[in-house]
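Here are my notes on the model, point by point. Please read them with the structure open.

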Amino acid sequence: MSQPHFVANPMSRRDIRSYVFLIRNLFHVSDEENIDIFNLIEVGLSEAFEDFSYLIVPEHKMYEYALFLPELNELRIREDVYEAALNGNPRHRFTLAHEIGHVCLHRGIKRLARGGAPVSIPAFKDPEWQANEFAGELLAPTHLIGNLSQTEIMLKFNLSREAAKHRYNNSKK
Ligand SMILES: [Zn+2]
């Protein structure tokens, strides 16, 4: 996991689960198995957060897959990543869901000063951990997982095998 650039407000797995449940309700996708993350980014987030903006950046101009700038409330997505997700690529659908997590949870949070001593922060305050939990819950919510197997989770929610395994284990906690 990369070094976080800011410390998030503490959130437990349970907090994130409840929050995503509300978000799915708000966007009228409570029981969707294969949610339209593009509609969420292009319409949902813009309606929910007035100052939110996103842009698609040409591949040669960006190193990261995607990047959320909390101080600007701006989401930048690399073009090839966006297109792969549009084509249903499970890994990049997760990338975008992860960024939606940052937008929902970390808007307006100040970044840590650059060049300071490396900080070690507990998972529940780590924005990357939070965004990953959010993404998993958004794509494959606990209430729809029920007693599905890992393979069923992978197929039903269009997740990578690794993400499906993580969701399987998480849903039991
Ligand atoms: Zn992140």
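1. His 28 first. With 9 C-beta neighbours inside 10 Å, His 28 counts as exposed, because the cut-off for exposed is 12 or fewer. His 28 sits in the loop between α1 (13-26) and α2. Its phi is near 60 degrees, which is a positive value in a residue other than glycine. Bear in mind that this is a predicted model.

2. Asn 73 belongs beside it. Phi of Asn 73 is near 55 degrees, again positive in a residue other than glycine. Asn 73 lies in the loop between β2 and β3. That hairpin has 4 residues between its strands. Is Asn 73 buried, exposed or partly exposed? Asn 73 counts as partly exposed, because it has 18 C-beta neighbours inside 10 Å; buried would need 20 or more.

3. Next, the sheet. It is open, and 3 strands form it in the order β1-β3-β2. The pairing is mixed. β1 and β2 are the edge strands, each pairing on one side only. Neighbouring strands are turned by 15 degrees against each other on average, direction ignored.

4. The two pairings can be checked separately. Strand β1 (residues 53-57) runs parallel to strand β3 (residues 74-78), with 5 bridges between them. Leu 55 has Arg 76 in β3 as its bridge partner. Strand β2 (residues 66-69) runs antiparallel to β3, and 4 bridges join the two.

5. Helix α3 (residues 79-86) deserves a look down its axis. Its buried residues are Val 81, Tyr 82 and Ala 85. Why do they fall on the same side of α3? They cover an arc of only 100 degrees around the axis, so they share one side of the helix. Their packing partners are α2 (37-48), β1, β2, β3 and α4. After α3 comes Gly 88, with a positive phi near 90 degrees.

6. Now the contact of α4 with α5. The axes of helix α4 (residues 90-106) and helix α5 (residues 127-139) come within 7 Å. They cross at roughly 115 degrees. The crossing is right-handed. On the α4 side, the contact residues include Phe 94, Ala 97, Ile 100, Gly 101, Cys 104 and Leu 105. On the α5 side, Pro 127, Ala 131, Phe 134, Ala 135 and Leu 138 are among them. By class, the residues of this contact divide into 11 nonpolar, 6 polar and 1 charged. Arg 93, in α4, also takes part in the contact.

7. Is Ala 164 buried or exposed? Ala 164 is buried, because 26 other C-beta atoms lie within 10 Å. Leaving aside residues up to four places away in sequence, Ala 164 touches Gln 150, Ile 153, Met 154 and Leu 159.

8. Last, Ser 149. Its place is in the loop between α6 (142-145) and α7 (150-157). Ser 149 is exposed, because 10 other C-beta atoms lie within 10 Å. How far apart are the C-alpha atoms of Ser 149 and Asn 87? They are separated by 25 Å, and the two residues are 62 residues apart along the chain.

How values were computed:
Residues are numbered from 1 along each chain as its sequence is written. This is a predicted model: local features need pLDDT of at least 70, side-chain atom pairs count only at pLDDT 80 or more; totals for chains, interfaces and linings use all residues. Two strands pair if DSSP finds at least two bridges between them. Axes are lines fitted to C-alpha atoms, for helices over the stretch in contact, and angles run from 0 to 180 degrees between N-to-C directions. A crossing is left-handed if the near helix is turned anticlockwise from the far one by less than a right angle, and right-handed if clockwise. Two residues are in contact if their C-beta atoms, placed from the backbone, lie within 7 Å. Ala, Val, Leu, Ile, Met, Phe, Trp, Tyr, Cys and Pro count as nonpolar, Asp, Glu, Lys and Arg as charged, and the others, Gly among them, as polar. The arc is that of the directions from the helix axis to the C-beta atoms.
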